[in-house]
Amino acid sequence: MSDTTATPARFTVTAHGRVNLIGEHTDYNDGFVLPMAIGPCIRMRVTRRPDRLAMLHSEHGPAASLDLQRPLQPGERAWSCYPAGVIAQFQRLGWEIPGFEASISADLPAGGGLSSSAALEVATATAVEMLCGRSLPPVEKALLCQRAEHEFAGVPCGIMDQFAVTCCRAGHALLLDCRSRVLRHVSFAAAEVRVLVIDSGVRHRLVDGEYARRRAECASAARHLGVASLRDVDSDTWQTLPEPERSRAAHVISENERTLAFADAVARGDWPAAGRLMNASHASLSRDYQVSCRELDLIAEIAPTLPGVHGCRMTGGGFGGCAVALVEAADADRVQAEIASRYRAATGIDPRTFVTAAAAGLEMTCD
Ligand code: GLA
């Protein structure tokens, strides 16, 4: 039994969303990713209850009541499947979770490609740790949250998002080797540049099926080449693959190289080089990986033509969601307004745009 008396009766967990600066659709290919946590977040206010119920309240939907004395099973795919999935994983580890009430609020749009699901999962895992007065190593915690998403939300995601929320530090992006799970915190706080997020406002429902299909195509490409994953391809043999495996491999192999080169460019403060790599990443995702859409392509086309923009690309799973641009600090406001106005004129959609610093993925306060 854990010591539950040492932890506070009331506390708040804040879990931030993320953008991925580069390294897209590489995580489930054992490759490299470079996300950073952003300002928008979800807040979970937690109060202990004397019984063994978890009462969950959110602006996103009806309240849920979970009996913590029984093993939780996957059920309805409502918002509460994320916290329920996380709690179930702790139950399997044999943790006895005391009753609690959680109120969830967010300025992180759900389903907008900024990892609202991972934020909710990691917030729940952190709340459980607090309630039980013990904690998991961060890597184990991120993997537990990924299992929750696979089993309870039915999304076969990689490990990037849960690692970003669990491990990102303020002022840093996170270079993650998805095979060894070795992390490097890359300083990303230069005064001269800003990260601009542009939400296309497009949400494609196709995403889940297409995401699983890309994973299967990559696995098939690796099988053809006789390697464990596309991370291991070190010659030009992939050029002989049939389509679509050839194009998928072309993206993953080149994206891994771009991600490492981007981390080096950031370390040198070579923003034009970093921006060119972002533009190349977008082109590869759009042409070879085919996970962009007309609206994201439009943003990635408009942004780099504007003075002060180093580069721009879609971020996250794709088929809608957000784009991310690397912009000179002095030009950030003007660029933001210009992209929004050109995008609105072309699509009729008023895009949400915001400038963000690299945030910490997680924060805790005791009330
Ligand atoms: C989604 C998944 C991640 C990752 C990205 C694409 O965000 O949750 O694991 O695969 O897509 O890079």
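Analyst: Happy to! Let us start with a definition: a residue is buried under 20% relative accessible area, exposed over 50% and partly exposed in between, using a 1.4 Å probe and protein chains only. This is a predicted model, in which local features need pLDDT of at least 70 and side-chain atom pairs count only at pLDDT 80 or more, while totals for chains, interfaces and linings use all residues. Residues are numbered from 1 along each chain as its sequence is written, and side-chain values use heavy atoms, with hydrogens and water left out.

User: Which residues are buried in α4?

Analyst: Helices (H or I, at least four residues) and strands (E, at least two) are DSSP runs, numbered from the N terminus. In α4, the buried residues are Met 160, Asp 161, Gln 162, Phe 163, Ala 164, Val 165, Thr 166 and Cys 167. Since eight of the eight residues of this helix (residues 160–167) are buried, α4 is largely enclosed by the rest of the structure. Across the chain there are nine helices and 13 strands, and 56% of the 367 residues count as buried.

User: How many disulfides does a search of the whole structure find?

Analyst: A disulfide is a pair of cysteine sulfur atoms within 2.5 Å. The search finds zero. For Cys 157, which is in no disulfide, the nearest cysteine sulfur belongs to Cys 145, 9.9 Å away. Cys 157 is buried, at 8% relative accessibility. The sulfur of Cys 178 is too far for a bond, because the closest cysteine sulfur, in Cys 167, is 11 Å away. Cys 178 is also buried, with a relative accessible area of 4%.

User: What does Ser 58 touch, leaving out residues up to four places away in sequence?

Analyst: Contact means heavy atoms within 4.5 Å. By that rule, Ser 58 touches Trp 79 and Ile 104. Ser 58 sits in strand β4 (residues 53–58) and is buried at 14% relative accessibility. On the chain scale, among contacts between residues at least 6 apart in sequence, 72% join residues at least 24 apart.

User: What radius of gyration does the chain have, and what would a compact globule have?

Analyst: The radius is taken over C-alpha atoms, and the globule rule is 2.2 Å times the number of residues to the power 0.38. With 367 residues, a compact globule would come near 21 Å, and the chain has 21 Å, which agrees. Its C-alpha atoms fill a box of roughly 60 × 50 × 40 Å along the principal axes.
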